[in-house]
Amino acid sequence: MLERSSNRPDDGTSLGEPAVTLQSQADARSELIGAAPTDDETNRKNMALLIQLRWTAVVGQIVTIGGVHFWLGIPLPLTRMGAVIGALVLLNVSSLVWVRHRAAITNNELLVALMLDVAALTAQLYLSGGATNPFTSLFLLQVTLGAVLLDARSTWSLVALSCASFVWLTMAYRPLDLPPNPLSETYTLTVTGMLLGFVLNAVLLVVFVTRINRNLRQRDAHLAALRQHAAEQDHIVRMGLLASGAAHELGTPLASLSVILSDWRRMPDLVADQELAEDLTEMETSLQRCKSIVTGILVSAGEARGEGSSPTTVTAFVTALVEEWRDARSARTLYFTNTFGEDVAIVSDVALKQVIFNVLDNAYEVSREWVELLAEREGDNLVLSISDRGPGFAPEMLAQLGKPYQSSKGRAGGGLGLFLVVNVVRKLGGSVTAENHRKRGATVRLTLPLATLAIGGSFDA
């Protein structure tokens, strides 16, 4: 199947494809950008990581304090250090409840969380030797996390707090009551503590910075997708405006042609000629089709979904669509199979009908001897599969399915058919996929949620 472009001057649906209301497109674009869970959602994930890090700190402090006090025999103020750990546990529990009920997490709230962690670390170091404690290197962990999570001003505030805390620990701290050991053993304890602090810093930085970077990459990918969708919505709006303007401009010459044909119908010489009479009948039929197309464009450009729609069912909608397409194209090689099952009430949507017409037209263009439309139900979705026996899609076009101006026909401005199909179906909450057959031909599948097609936005399964 060659690329399904509908930029054909003789195609009745070429102007009708932007059949989504212009206002709804603009509203959708605003909603797409305004309701995007970008920084807020990323900050929520990062706050969850800080809570996990705090639980790690609680466990690490309990193990370290127990090992130093009971195993190395260095007495520590267990009550006061336990109170700091208890405060961290209480902070974590309250943070979990707080985050669950917060709609958004701000940069300042992340800063406060990191500052509280610095304060807790400072309190523990104060009770265990101050700046002489080899675990002072953990200040760098907080600073590094701040550099990744916060804006520049907040990061420098955290740096200032960490530096001030370290300086304060050089002057005010509770000295450790080390047992009388030779100097070499004391040196060994210090080096061992520094090694443990370094390893702990390295491991925690790798684990948590990797997770934070993953959150940031997901945010960037989401923003890139939003920008792409917004650009596509703008493109559709411009095309809709062009189609609407063209429809208005075509109204006058079509009306003039209708008057001329009526006058010719009253001319005895023309009516008496059988061949000319048949040509006049065909011209009038084509003219009425053009008028219908122009009217559909104007209705679609000015009305939201539902205002010009009528209640129907899935089977009735698809069956009527097939008959209308066959009659309009004088094509009898469209084979329709309905395996949907129990019928469901839906709204007859003009945009959806024109989308299906577009795919059928493109399939018929490359496979005039055989086109198949299969209607089936998959869970709560209506699935329409249009198959043909054409040459199929080029691999690069399958990779760029739904992108504008992806055409193999070499026409300026071509390649908009599938672009419009994908975007209209996506507006209805569905998806479009395409695949080539092993030997010859291709299939385009339109998956549409029944909930968005149902009357009143719901359906009975």
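What percentage of the residues in the protein is buried?

Analyst: Buried residues make up 40% of the 461 residues. Buried means under 20% relative accessible area, exposed means over 50%, and partly exposed lies in between, with a 1.4 Å probe and protein chains only. This is a predicted model: local features need pLDDT of at least 70, side-chain atom pairs count only at pLDDT 80 or more, and totals for chains, interfaces and linings use all residues. Residues are numbered from 1 along each chain as its sequence is written, and side-chain values use heavy atoms, with hydrogens and water left out.

The protein has 14 helices and seven strands. Both are DSSP runs, numbered from the N terminus: helices are H or I with at least four residues, strands are E with at least two. The accessible surface comes to about 23,600 Å², and 61% of it belongs to carbon and sulfur atoms. Such areas come from the Shrake-Rupley method with a 1.4 Å probe; for residues, only the protein chains shown count as cover. Among the contacts with a separation of 6 or more, 77% join residues 24 or more positions apart. Contact means heavy atoms within 4.5 Å.

Now the sheet. Five strands form it, in the order β2-β4-β5-β7-β6. The sheet is open and the pairing is mixed. Two strands pair if DSSP finds at least two bridges between them. β2 (334-339) and β6 (431-436) stand at the edges with a single partner strand each, so one side of each has no neighbour in the sheet. On average, neighbouring strands are turned by 15° against each other, direction ignored. Axes are lines fitted to C-alpha atoms, for helices over the stretch in contact, and angles run from 0 to 180 degrees between N-to-C directions.

Take β7 next. This strand covers residues 442-449 and runs antiparallel to β6, joined by six bridges. Thr 433 stands opposite Arg 445 in β7. Glu 435 stands opposite Thr 443 in β7. The hairpin of β6 and β7 has five residues between the strands, and Gly 441 takes a positive phi near 100° there. β7 also pairs with β5, in the antiparallel sense, over eight bridges. Asp 388 stands opposite Ala 442 in β7. Seven of the eight residues of β7 are buried, so this strand is largely enclosed by the rest of the structure.
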